[in-house]
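Keep the sequence and the 3D view open as you read.

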Amino acid sequence: MQRIAILFLAGAAIIILSVNCSKSGSKTSGSTTTAGNNDSILLNLGNNIILPSYQALATAVNSLDSSIDDFNTSPNTTKLTNIQVLFKNAYLAWQSASEYDYLGPASTNQPVLSALNVWPTNNTLIDSNVSVNNDNVNTFANTAAKGFPALDYLLFSAGGNTLANYTTDAEAAHRSSYLAAVSADIKTEVNAVLTGWSASGGNYINTFVTGEGNSVSSSLGLLINSMDEDFEILKNDRLGIPLGLIPVGVTSPVLPKEVEAYYSGISAQLALAQLKAVQGIFLGNSGKGNGLGLVTYLTNAGVKYNGGLLSDTIKTAFTLDVTDLQAVPDPLSQTIQSNPASVQAAFTVSQKLVALLKTDMPSALGVLITYGDNDGD
Amino acid sequence: MEISHTAPDYTAPVGRGSGYSAPGIGGILTRPRHIAPLAVLRMAFGLIMLISTIRFIAKGWVREFYVAPKFYFPFYGFEWVHPLPAIGMYIVFALMVLTTIGITLGLFYQVSVITFFLCFVYVELLDKSYYLNHYYFVTLITFLLMLVPAGRYFSLDVWRRPSLKVTHVPSWMIGIFQAQLCLVYFYAGLSKLTYDWLIAAMPLKIWLPANAGMPVIGPLLKQTWVAYAFSWFGAIFDLTIGPLLLYAPTRKIAYVFVVLFHVLTGLLFKIGMFPYIMIAVTIIFLIHPRDDHSPIPFRLSTGKRKILYPLLLIYALLQLALPFRYLLYPGKLYWTEEGYRFSWRVMLMEKGGITFFYVKDPRTGRRGEVINTQFLTPLQERMMQTQPDMILQYAHHLHDIYDAKGIKDPVVTVESYVTLNGGGSRLYIDSTIDLARQQESFLPKKWILPYQP
């Protein structure tokens, strides 16, 4: 009987040891580097595309923030126009960084950049915050009263009366401080993410470029999941919901107020910027890159699609989507009423692209599309 | 005790009413065998399930799988099984922790194993999104453990009440576990004898390079020939390991292969506890104790035998037949998944899909696309998108939701694309069919479009 016990304990030891082995095995697998093509793809994506995107966004929001401070000290039309332009620049820069919101430093419980772009904004709440001089914007209650949509409302909703809102209006002083608080919040959040990525800060860039393989926790797996989740927002939230194609409760006609950047009216530009950013990740080339991107994995693996190459199919779909979206004029809130067919066309191609990016590409690369967790068998 | 290669020299107390009898097949099945393999199996299985349950809780899956979702995918015929409120689900899992300890130590064994079985089956029935072959396997092993007196030797129950002690059981009580294991491996092997697996080396050709970052063997995994080697070795292993474990001269080396095979697959694939459960349960082949000098046989009453034997016969026939039920359905099994579950088809396909569901108001003709993440967790969505019966369940759910929102009897259609083993994505479900009007049944689903190779 003692021998049974010994044998049993030995068996248990083997099992526990092997459980532990598997854990340590998967830990080390991420940190090894071997020279090869895949490394250069991650290097290009990390150093030439992702990091510069965050840097550009940080530069844009820092510049916006100091100009808002300057505007608040002595508001005038020139300075207002200036911060309106800087706002648009920053919002466009946001579109090229939101793709990485679900990996690395941005992927907190509430992904950082997403939290700065919750639209439609709650203008009633903003007004009441201004009234009571509540500048504490970074709270759960103020989720829809901060970030870029709040700036959009604060800087554009009053049209020709905007300057008066910050000079002669009874609540001008409160509004100025709210504007500054929203901008400062954006600045803090964005810079924190940039620091997390930077080699001089959290150095996630190093983790990213060395995270080989294509498991869910590899850089490729994380990037594809993050990018796909972000791209679905283009199809659903930027186009589908305003078009009334997505039932919010009950199927409805077009919903102009649901567009992103409703007050500044740059919705289509923003959507196009996002699309081009995703295309840039795929092609490994958004201005600075050397052309090693997700497409390289597909080309290297020679993945076929309906007789042709999958890489070519996806490239064509991107080109088509860009063309279709370029044909949608701003303000989108009016285009969806005057020429819904043009937006429909962009929506349909985007849907096709979502299918390719979410099924064919990850499947061909063995990347599991999951934002959750479970065992397989 | 000693691990012995020879059959024990044994003179058993044979008598009527004891469950031991007669020569022939019946004689082989009821020949007394030492109970030690059952006791060891009980401890190994109990311990691994204890680890498995704690791991499940620690990963936060109780909340994520059974508390957080707004909708569940019950199995056909078990739609009446619903999750308990959060506290209830945690109590169920706490019970599983307690009962696996009970099973391991042989403490209140009978109560423990029955309670564990009920809890485990209840949880599994809640949502087929989380179905895994090894959960099915655990269900079966637990079921069989309820039928045998595995707690009556080398256990705290015996220590408490020595009169419970038993040293010998009819050999079928051990054989049934060995047969179950052999069947699992053999069927898993049979399911690998396909063009995709053997000739195209799919899906390993996709999956193995995923581990290219692993130390030592990483670079090898990118090689095509390695995918073929793994595919062929896997098939041969599955088909032959059962007999090799049964045959005394090869038993030990076969078990070494079992350990190596499962540890390797555990390292390569995200398959959780499965490898370790198999390693633990397979121990039953290794235990061949020398006999005690004063045997105490377990006596199975005639009444119990009259229930148990037919039950086991039905069980065995079901086990043999279920994996072949796919032959009753037209089309490619991996595509339609009709008859896929409960068949030991493990790690056979790389399948991905996407679904765009549409809800249409039949009166106005207005149509809207559904955002699945409003109703499903990401994991549920992913599982649903490649499995027609789940697509149907979800379509019915959407029908009910929008009906309640005021669109009377809406039409629900789906545009879905699925890619199988690296082939390009294709339309999966007939996008013109109103799924709200289709009913679930065991009949073939005519609205699954045929696979276009």
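## The domains of chain B

The C-alpha centres of domain 1 and domain 2 of chain B lie 35 Å apart. This is a predicted model. In chain B, domain 1 covers 28-326 and domain 2 covers 350-437.

The two domains of chain B touch. On the domain 1 side, 13 residues are in contact with 13 residues of domain 2 of chain B. That domain 1 side has nine nonpolar residues, one polar residue and three charged residues.

## The domains of chain A

Chain A is also given two domains: domain 1 (34-211) and domain 2 (213-377). Their C-alpha centres are 22 Å apart. Here 28 residues of domain 1 of chain A are in contact with 35 residues of domain 2 of chain A.

Which elements give two or more residues to the domain 1 side of this contact in chain A? They are helix H2 (37-73), helix H3 (77-95) and helix H6 (147-156) of chain A. H2(A) gives the largest share, nine residues. Sorted by class, the domain 1 side in chain A has 15 nonpolar, nine polar and four charged residues.

## A closer look at H3 of chain A

Which residues of H3(A) are buried? They are A:Ile83, A:Leu86, A:Phe87, A:Lys88, A:Ala90, A:Tyr91, A:Ala93, A:Trp94 and A:Gln95. An α-helix has 3.6 residues a turn, so residues three or four places apart point the same way.

## Two helices side by side in chain B

Now turn to helix H12 (residues 251-268) and helix H13 (residues 274-281) of chain B. Their axes come within 8 Å and cross at roughly 170°. An angle over 145 degrees counts as roughly antiparallel, so H12(B) is roughly antiparallel to H13(B).

H12(B) makes this contact with B:Val258, B:Val259, B:His262, B:Val263, B:Thr265 and B:Gly266. H13(B) brings B:Pro275, B:Met278 and B:Ile279. By class, the contact of H12(B) with H13(B) has six nonpolar residues, three polar residues and no charged residues.

Most residues other than glycine have a negative phi, and most peptide bonds are trans. Some places in this model depart from that pattern. Start with the peptide bonds.

A cis bond joins A:Trp119 and A:Pro120, with omega about -5°. A:Pro120 sits in the loop between helix H4 (112-115) and helix H5 (123-131) of chain A. Another cis bond runs from A:Asp330 to A:Pro331, with omega near -5°. Where is A:Pro331? It lies in the loop between helix H13 (310-326) and helix H14 (332-338) of chain A.

## Positive phi in chain B

B:Ala201 is not a glycine, yet its phi is near 55°. This residue is in the loop between helix H9 (195-199) and helix H10 (204-207) of chain B. Is B:Ala201 buried or exposed? Buried, because 20 other C-beta atoms lie within 10 Å, and 20 or more is the cut-off.

B:Met347 also has a positive phi, about 55°, and is not a glycine. Its loop runs between helix H15 (333-336) and strand E3 (351-360) of chain B. B:Met347 has 21 other C-beta atoms within 10 Å, so this residue is buried.

Note on methods
Residues are numbered from 1 along each chain as its sequence is written. Chains are lettered from A and ligands numbered from 1 in the order in which they are written. This is a predicted model: local features need pLDDT of at least 70, side-chain atom pairs count only at pLDDT 80 or more; totals for chains, interfaces and linings use all residues. Domain bounds come from an automatic or database domain assignment. Two residues are in contact if their C-beta atoms, placed from the backbone, lie within 7 Å. Helices (H or I, at least four residues) and strands (E, at least two) are DSSP runs, numbered from the N terminus. Ala, Val, Leu, Ile, Met, Phe, Trp, Tyr, Cys and Pro count as nonpolar, Asp, Glu, Lys and Arg as charged, and the others, Gly among them, as polar. A residue is buried if 20 or more other C-beta atoms lie within 10 Å of its own, exposed if 12 or fewer, and partly exposed in between; C-beta atoms are placed from the backbone. Axes are lines fitted to C-alpha atoms, for helices over the stretch in contact, and angles run from 0 to 180 degrees between N-to-C directions. Angles under 35 degrees count as roughly parallel, over 145 as roughly antiparallel, 65 to 115 as roughly perpendicular and the rest as oblique.
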